[in-house]
Amino acid sequence: MNELTKHERVFRMIEGKEVDRTPVGFWLHFPEEQHHGEAAIKAHWGFMEQTDSDIMKIMNENILYDGETHISCLNDISKFRGFSRQDAIFKDQMEIIKRITEKTEGKYPVVATIHGLVASVFHETGYAGNYTSMGYGLPLFCRERPKQMKQVFQTVAESLMEYADCCLEAGAEGIFYAALGGEKNFFTDEEFQEFVAPYEKMIYNHIKETAKIDILHICKTNIDFNRYTDLHPMIVNWGIYGNNLSLTQGSRMFPDSVILGGFPDRHGVLVDGTDEEIEAHTEKVLQEMKGKRFIVGTDCTLPTEIEYTRINKVVRAIEKLEG
């Protein structure tokens, strides 16, 4: 078939139609000096042009945090707050999305990143970046102050729904929802169902009702994936290499979703493999997912310093293998 635009390719894959080649979706966190303003726009555009990726994922360094509050004990719970379009972080993110979307002129499907419910509640504590070592504090808060914490989750959920609305108003077609909280070593199943699931489902249903694309990214390891199946994401992505859930197993668990992934992120073939190894791995995942709706990507964000030519080699390998 004739070559498709990147926008056409992704939407045809979502719709289960024939495509000229399997789409790819890769992303990473840019250096701190490229988080805002003109530098952020240039960084996103340069990444897409040099990698030849198909999905414009707009990164979100505007986390729900006021820049000064620290919440570390039960008496601090009252410091949790809501955010809205009146806050600078919303305005800055909307401006980034608006300018990138205008520049793409419909070439790419544009998805805006939203840090999920548990991530955003944790960001408000002031310890962003320390979730792996400190995330246990949220379930402890829930056990000691359940009524207060349910109100916190409700407030943050409302903020995230408004944040998603603002991203779409600014020009994004879809939302990339990065979920935390599925780790078995933090919330128990019962606690997750009581404190997280109702509010997360409220957010995700709102996204599905308002966005053309929804991507559920299930972050971290030791995940109970059953906690996410009832969200019924359009596209789902998770840490294949850090969890005991392969592409094939995930496609059975999320039978109505497009599967996104196939490569490890911070280590392995894409980071330090040879051209031949990258092509061989590409062929392996394409064979595994043959006949299924699939987008080639990674478990999570790639290293900031990775050479973009390595990502481009995956696209070229797909063209060679499927040409």
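These questions and answers walk through one predicted model.

Residues are numbered from 1 along each chain as its sequence is written. In this predicted model, local features need pLDDT of at least 70, side-chain atom pairs count only at pLDDT 80 or more, totals for chains, interfaces and linings use all residues, and side-chain values use heavy atoms, with hydrogens and water left out.

Me: How many residues does helix H2 have, and what does the helix reach from its first C-alpha to its last?
Reply: Helices are DSSP runs of H or I with at least four residues, strands are E runs of at least two, and both are numbered from the N terminus. H2 covers residues 37–51.

Me: Which residues of H2 are buried?
Reply: Buried means under 20% relative accessible area, exposed over 50%, and partly exposed in between, with a 1.4 Å probe and protein chains only. Contact means heavy atoms within 4.5 Å. The cover over the buried residues of H2 includes strand E2 (56–58), helix H3 (88–104) and helix H12 (308–322). The buried residues are Ala40, Ile41, Ala43, His44, Trp45, Gly46, Phe47, Met48 and Thr51.

Me: Which residue follows H2, and what is its phi?
Reply: Next comes Asp52, with a positive phi near 65°.

Me: What is the volume of the largest cavity?
Reply: On a 1 Å grid over the protein atoms alone, a cavity is a set of points where a 1.4 Å probe fits but cannot get out; a pocket is an open set with protein on both sides within 12 Å along at least five of seven lines; lining residues have an atom within 4 Å of a point. Grid points are joined across faces, edges and corners, and a volume is the space filled by probe spheres set on the points. The structure holds three cavities of 30 Å³ or more. The largest has a volume of about 70 Å³.

Me: Which helices each supply at least two residues of the lining of the largest cavity?
Reply: The lining includes Ala40, His44, Gln93 and Ile96. Ala40 and His44 are in H2. The helices asked for are H2 and H3.

Me: Which residues lie closest to the centre of the largest pocket?
Reply: About 870 Å³ of space lies in this pocket. Its lining has 36 residues. Helix H4 (117–123) gives the largest share, three residues. Closest to the centre are His29, Cys219, Lys220, Cys300 and Thr301.

Me: How many charged residues are in the lining of the second largest pocket?
Reply: This pocket has a volume of about 330 Å³ and is lined by 16 residues. Ala, Val, Leu, Ile, Met, Phe, Trp, Tyr, Cys and Pro count as nonpolar, Asp, Glu, Lys and Arg as charged, and the others, Gly among them, as polar. The lining has six nonpolar and three polar residues; the charged ones number seven.

Me: Which residues touch the most other members of the largest nonpolar core?
Reply: A nonpolar core is a set of buried Ala, Val, Leu, Ile, Met, Phe, Trp, Tyr and Cys residues joined through side-chain atoms within 4.5 Å. The largest has 113 residues. The residues asked for are Leu117 and Phe153.

Me: Is Arg12 buried, partly exposed or exposed?
Reply: Arg12 sits in helix H1 (residues 6–14). Its relative accessible area is 26%. Therefore Arg12 is partly exposed.

Methods
The expected span of a helix is 1.5 Å times one less than its number of residues.
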